[in-house]
Amino acid sequence: PQAKAKGISIFLVDAALDGVKKGRSLQKIGLHAQDTAELFFDDVYVPTTQRLGEEGQGFAYLMQELPRERLSISMMALGSILGAIEITKDYVLERKAFGQPLSQMQNTRFVLANAQIKAKAAQAFVDQCAALYQQHQLSVTQVAALKCFITDAQCEVIDQLLQLFGGYGYMQEYPISRFFVDARVQKIYGGTNEIMKEIVARELLGK
Ligand SMILES: Cc1cc2nc3c(=O)[nH]c(=O)nc-3n(C[C@H](O)[C@H](O)[C@H](O)COP(=O)(O)OP(=O)(O)OC[C@H]3O[C@@H](n4cnc5c(N)ncnc54)[C@H](O)[C@@H]3O)c2cc1C
């Protein structure tokens, strides 16, 4: 413990070893196609040959991969926003209320236009960060800003789009409901959006 970050090394651990246990599949509110479980390691013997990389560098390796993880979360957010716009567009063109398609009502048009505007801004930001990543120049702060902006946008936009489906939007048989429940965790994992703001503020304010 005294070594702090320098006391962490990464090991490849065979799941069949004694002392390795997988916990139950956790009951999440979304992402039902993906199992999430805790892993337990009790007195597991792992030989040094199973160490990944240098001793004491584990924390540094994990930190190095965070920009890539946050970029991929951001790309998922963008795909989700674009997909939700697509299915909502089809629905409002078809569904009629009070004698006219939903697509002719100003609120519907504004909600969809707002979603499209956010998608355009999100796309430009993702493209910029992806290009920086390819040049090995994507900074922790830049991608923290992207992850925070785009996952907030994802949750806001999808909530507004779901509203256009009325009661059907709350039903699992309508895919927009799945977009909604799957979106929420995006603001939590990969580092919460509060932590993303801390990273941005630290650079802005110098500490
Ligand atoms: C479905 C799912 C999959 C996951 N997959 C992985 C995975 O594959 N690998 C992995 O390593 N982790 C994974 N996680 C864990 C995830 O990254 C953490 O849950 C997340 O980073 C938040 O940490 P925490 O749960 O300990 O919350 P806490 O740190 O307890 O935070 C609680 C609240 O306090 C706020 N807070 C905490 N510290 C500060 C601060 N300094 N300033 C302001 N606010 C603060 C947080 O923003 C949050 O709102 C997963 C989580 C979920 C739900």
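Analyst: Helices and strands here are DSSP runs, numbered from the N terminus; a helix needs at least four residues and a strand at least two. The model is predicted.

Start with a loop. Leu 31 sits in the loop between strand S2 (20–25) and strand S3 (37–41). Its phi is near 50 degrees, a positive value in a residue other than glycine. Most residues other than glycine have a negative phi. The backbone nitrogen of Leu 31 is also reached by a side chain, that of Asp 182, at 2.6 Å. Asp 182 is placed in helix H4. Leaving aside residues up to four places away in sequence, Asp 182 touches Gly 30, Leu 31 and His 32.

Now the helices. Two packed helices are described by the angle between their axes and the distance between the axes.

Take H4 first. Helix H1 (residues 58–94) packs with helix H4 (residues 175–183) at about 155 degrees, and their axes are 10 Å apart. Angles over 145 degrees count as roughly antiparallel, so H1 is roughly antiparallel to H4. The crossing of H1 past H4 is left-handed. From H1, the contact uses Ser 80, Gly 83, Ala 84, Ile 87 and Thr 88. From H4, Pro 175, Ile 176 and Phe 179 take part. By class, this contact of H1 with H4 has 5 nonpolar and 3 polar residues, with no charged residues.

Next, H1 against H2. The angle is about 155 degrees, with the axes 10 Å apart. That makes H1 roughly antiparallel to H2. H1 passes H2 in a left-handed crossing. H1 gives Arg 68, Leu 71, Ser 74, Met 75, Leu 78, Ile 81, Leu 82, Ile 85, Thr 88, Lys 89 and Val 92 to the contact. H2 gives Thr 108, Leu 112, Ala 115, Gln 116, Ala 119, Ala 122, Gln 123, Val 126, Cys 129, Ala 130 and Tyr 133. The contact of H1 with H2 has 15 nonpolar, 5 polar and 2 charged residues.

Then H2 against H3. Helix H2 (residues 106–134) and helix H3 (residues 140–163) pack at about 160 degrees, with their axes 10 Å apart. They are therefore roughly antiparallel to each other. Their crossing is left-handed. On the H2 side, the contact includes Val 111, Leu 112, Asn 114, Ala 115, Lys 118, Phe 125 and Val 126. On the H3 side, it includes Gln 142, Leu 146, Phe 149, Ile 150, Glu 156 and Leu 161. The residues of this contact of H2 with H3 divide into 16 nonpolar, 4 polar and 2 charged.

The loop between H2 and H3 holds His 136. His 136 has a positive phi of about 60 degrees although it is not a glycine.

Last, the ligand. Lys 28, Val 185, Ile 188, Tyr 189, Gly 190, Gly 191, Thr 192, Glu 194 and Ile 195 are around it. A polar side-chain atom of Thr 192 lies 2.7 Å from an oxygen atom of the ligand. An N or O atom in the side chain of Glu 194 is likewise 2.7 Å from an oxygen atom of the ligand.

Technical notes
Residues numbered from 1 in each chain as written. Predicted model: local features only at pLDDT ≥ 70, side-chain atom pairs only at ≥ 80, totals over all residues. Heavy atoms only, no water. Axes fitted to C-alpha atoms, helices over the stretch in contact; angles between N-to-C directions. Parallel < 35°, antiparallel > 145°, perpendicular 65-115°, else oblique. Left-handed = near helix turned anticlockwise from the far one by under 90°. Contact = heavy atoms within 4.5 Å. Nonpolar A, V, L, I, M, F, W, Y, C, P; charged D, E, K, R; others polar. Near = heavy atom within 4 Å. Polar contact = N/O pair within 3.5 Å; in protein donor to acceptor, adjacent residues only side chain to side chain.
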